[in-house]
Amino acid sequence: MTPSAGKDPEPAAAALLSMPAIAAILSGTHDDPFAVLGVHPAGKNYVARCFIPDAASVVAETLAGKELGTLERRDDAGFFEGPVSLRKIQPVRYRARNDGGEWIVVDPYSFGPVLGPMDDYYIREGSHLRLFDKMGAHPTDHEGAQGYHFAVWAPNAKRVSVVGQFNGWDGRRHVMRLRTDTGIWEIFIPGVEAGLAYKYEILDRQGTLLPLKADPFARRSELRPNTASVTTPEIAQVWEDEAHRAHWASTDARRQPISIYEVHAGSWQRRDNGDMLSWDELADRLIPYCVDMGFTHIEFLPISEFPYDPSWGYQTTGLYAPTARFGEPEGFARFVNGCHKVGLGVILDWVPAHFPTDEHGLRWFDGTALYEHEDPRQGFHPDWNTAIYNFGRQEVLSFLVNNALYWAEKFHVDGLRVDAVASMLYLDYSRKHGEWVPNEYGGNENLEAVRFLQTMNTEIYGVHKGILTIAEESTSWPKVSHPVHAGGLGFGFKWNMGFMHDTLQYMSREPIHRRHHHNDLTFGLLYAFSENFVLPLSHDEVVHGKGSLIAKMTGDDWQKFANLRAYYGFMWGYPGKKLLFMGQEFAQWREWSEERALDWNLLEYHLHEGMRRLVRDLNGTYRSKPALHARDCEGDGFEWLLADDRDNSVFAWLRKAPGEKLVAVITNFTPVYRENYTIPLPVAGRWKEILNTDAEIYGGSGKGNGGAVQAQKDQTGAIAATITLPPLATLMPAFKWNH
């Protein structure tokens, strides 16, 4: 577990290096520059060697400035060598001169390694859970000097160098030290400051120069179209979110109200000139908006660095770097802190399934298939033309698990919504016969991906008690949101893609035909409690020609709005947590595009402003009535009242929680105004109408029950209420019932 030993042909006692060895240093092809450059024993004395291009003369000094000796220029390219007066090996610096003046160079090759044998041990074991503090570029005070420590995994490379603004992008200047046990290359470079661009220059095992690579662990990147990583200090954020984090760490999220506002940070709003907002500008606008609207969480489409705007962030090349589109990483930390101070959670879309093939990214990182499978049947995704992570490789699994931990620890994010889980779980996902490799048992399950997801969930829930992990999983894979110890994948929640598909399909039908598709809305209750579900009306439903939600509704404009209001009421009364993509809360007509801001001018119109008011009030009702949220994931919180009135397309059920008000949810999905409609209810008395989507304030016709309905017991003992059902509307009567 030690750095590689030098293989220089010169004997240890030789005072002068051979010319072939010097030539290898100058060409950047020496096997181990650390065995040659820096300070080394030479008999009973010490010799110092350095490569400083453009220097005419060099004097060696201690870090404190004490002169140690003048070095001889052995090669006009800038190679210097000579004896130095030292009692022991220690870091040195050089005072270099030429006709242009004098400058100081602290010798990186005179410093020992930063990583230690315990790092090697845990990395090899795959149990290192703080790789984000060890890998990449970090400001470091090392052996009396300040600078940056760089570390990168490239086990099959012949040579790896750090190149950047601090060394003229010269790969000969800072060739790294190989730790042979782990395949990690590292170097401490004194004097490097924050804010400098850098990449890795890599020679593959044949000595071929590869395209420059961005740092996989970079915590900051250049703004596109530039692709370099950027040195950055540790996040300097004074966190003020103890109460927020303590609340979620001490509670069962399944029994809390969770209503998520899904946001694409680049197009929610924009500056007057069309530029994207910074994190601070988003904080000033988005946080108050979400608080007023009653959402509990903001979920961002991926914000880790990505090169191509139309990918929306789902093709990331920098998993550890908040994208430079919205400013420096500290800006995102300030945003999260601001959210937490007012009780808003922040969830990130996270993409551990695949990565793009841009040449500066992870693909063929050291000249071999390092992060991905070499076999395209396992390592290439046909849907997105991307590379698939090799989940069976311990180092790749650790890279991804550490990334989940990184966002939770460094930025205090409240949750990760894991993208494209189905594509990870199935080896034959989007593949024809013969285009995939079965697992060891002959099946199509990706057992390595299962292990990764279970490990990730186990580790992140083990360290961050209040975290939420949410799976976008579109198949019937069992126990997605069940604990790992019970055979599950360990997620906290799963998107209910079936609810989204079935209900939107139903809403796209003319009301006269809905009676023939009644079970589109009742079928979901057969499995509603098999997982901890989030009901998603996400960005995926308003792109690629699908149109906006309001555009999916049938009928004339009034009916479209009434349909959507009734649908939102139905959804907020349905068991499961809620998610709504931005712009749909005020019924934007246009399909969403990442190239422009939402059509906020629509709020000048009563129907659009009415829709926004409805979503705000739905959130408020959902949050304030435990019956609507406290048993979202448990069958005892739901009871059908009317499940089979297909002729009238009416649905009614009861939501309940122990010791809380009962809430009935009644939806009329036809434009027919129905008076004297009988609804069975569990208890006689006055039921207060706490929400009516047909209210005039929402843009409706104002039909209803005067704020209350009366349930009565008949001669047979049955209890029911005779009510008015507004057209295309959802009602929520509530009753305080002390059991």
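**Salt bridges and the loops that hold them**

Reply: Buried residues make up 60% of the 739 residues in this protein. Keep in mind that the model is predicted. The secondary structure comes to 14 helices and 35 strands. Along the principal axes, the C-alpha atoms fill a box of roughly 110 × 55 × 45 Å. The count of salt bridges comes to 44.

Start with one pair. Asp-309 forms a salt bridge with Arg-224. Their closest N and O atoms are 2.9 Å apart. This bridge links distant parts of the chain, with the partners 85 residues apart. Asp-309 sits in the loop between β17 (304-305) and β18 (318-322). Arg-224 sits in the loop between β13 (197-203) and β14 (229-230).

Asp-309 has 22% relative accessibility, so it counts as partly exposed. Arg-224 has 26%, so it is partly exposed as well.

The peptide bond from Arg-224 to Pro-225 is cis. Its omega is near 10°. Pro-225 is found in the loop between β13 and β14.

What is its phi? Phi of Trp-312 is near 60°, a positive value in a residue other than glycine. Trp-312 has a relative accessibility of 10%, so it counts as buried.

Arg-255 forms a salt bridge with Glu-634, and their closest N and O atoms are 2.7 Å apart. Arg-255 is partly exposed, with a relative accessible area of 34%. Glu-634 is buried, because its relative accessible area is 16%.

The loop between α14 and β28 also holds Asp-632. Asp-632 is buried, with a relative accessible area of 1%. Gly-573 is 59 residues from Asp-632 along the chain, and their C-alpha atoms are separated by 9.7 Å.

Another pair takes us into a helix. The side chains of Lys-410 and Glu-409 meet in a salt bridge at 4.0 Å, N to O. Helix α7 covers residues 394-410. It has 17 residues and reaches 23 Å from its first C-alpha to its last. That is close to the 24 Å expected at 1.5 Å a residue. Of its 17 residues, 14 are buried, so α7 is largely enclosed by the rest of the structure. Lys-410 counts as buried, at 18% relative accessibility. Glu-409 is partly exposed, with a relative accessible area of 26%. Just after α7 comes His-412, with a positive phi of about 60°.

Ala-420 has a positive phi of about 55°, although it is not a glycine. Ala-420 is buried, with a relative accessible area of 9%.

Salt bridges can also join into a network. Which residues are linked this way? Glu-61, Arg-93, Arg-95, Arg-97 and Glu-102 are.

Lys-661, Arg-686, Lys-688 and Lys-736 form a positive surface patch. Lys-661 lies in the loop between β29 (650-655) and β30 (662-668). Lys-661 is partly exposed, with a relative accessible area of 33%. A nonpolar surface patch is made by Met-118, Tyr-121 and Tyr-122. This nonpolar patch covers about 300 Å². Met-118 lies in helix α2, residues 117-125. Met-118 has 48% relative accessibility, so it counts as partly exposed.

Terms used: Residues are numbered from 1 along each chain as its sequence is written. This is a predicted model: local features need pLDDT of at least 70, side-chain atom pairs count only at pLDDT 80 or more; totals for chains, interfaces and linings use all residues. Side-chain values use heavy atoms; hydrogens and water are left out. Patches are made of residues with over 30% relative accessible area and no salt bridge: like charges are joined within 9 Å, nonpolar side chains (Val, Leu, Ile, Met, Phe, Trp, Tyr) within 5 Å. Accessible areas come from the Shrake-Rupley method with a 1.4 Å probe; for residues, only the protein chains shown count as cover. Lys and Arg count as positive and Asp and Glu as negative; His and the chain ends are not counted. The place of a charge is taken as NZ of Lys, CZ of Arg, CG of Asp or CD of Glu. Helices (H or I, at least four residues) and strands (E, at least two) are DSSP runs, numbered from the N terminus. Buried means under 20% relative accessible area, exposed over 50%, partly exposed in between (1.4 Å probe, protein chains only). The expected span of a helix is 1.5 Å times one less than its number of residues.
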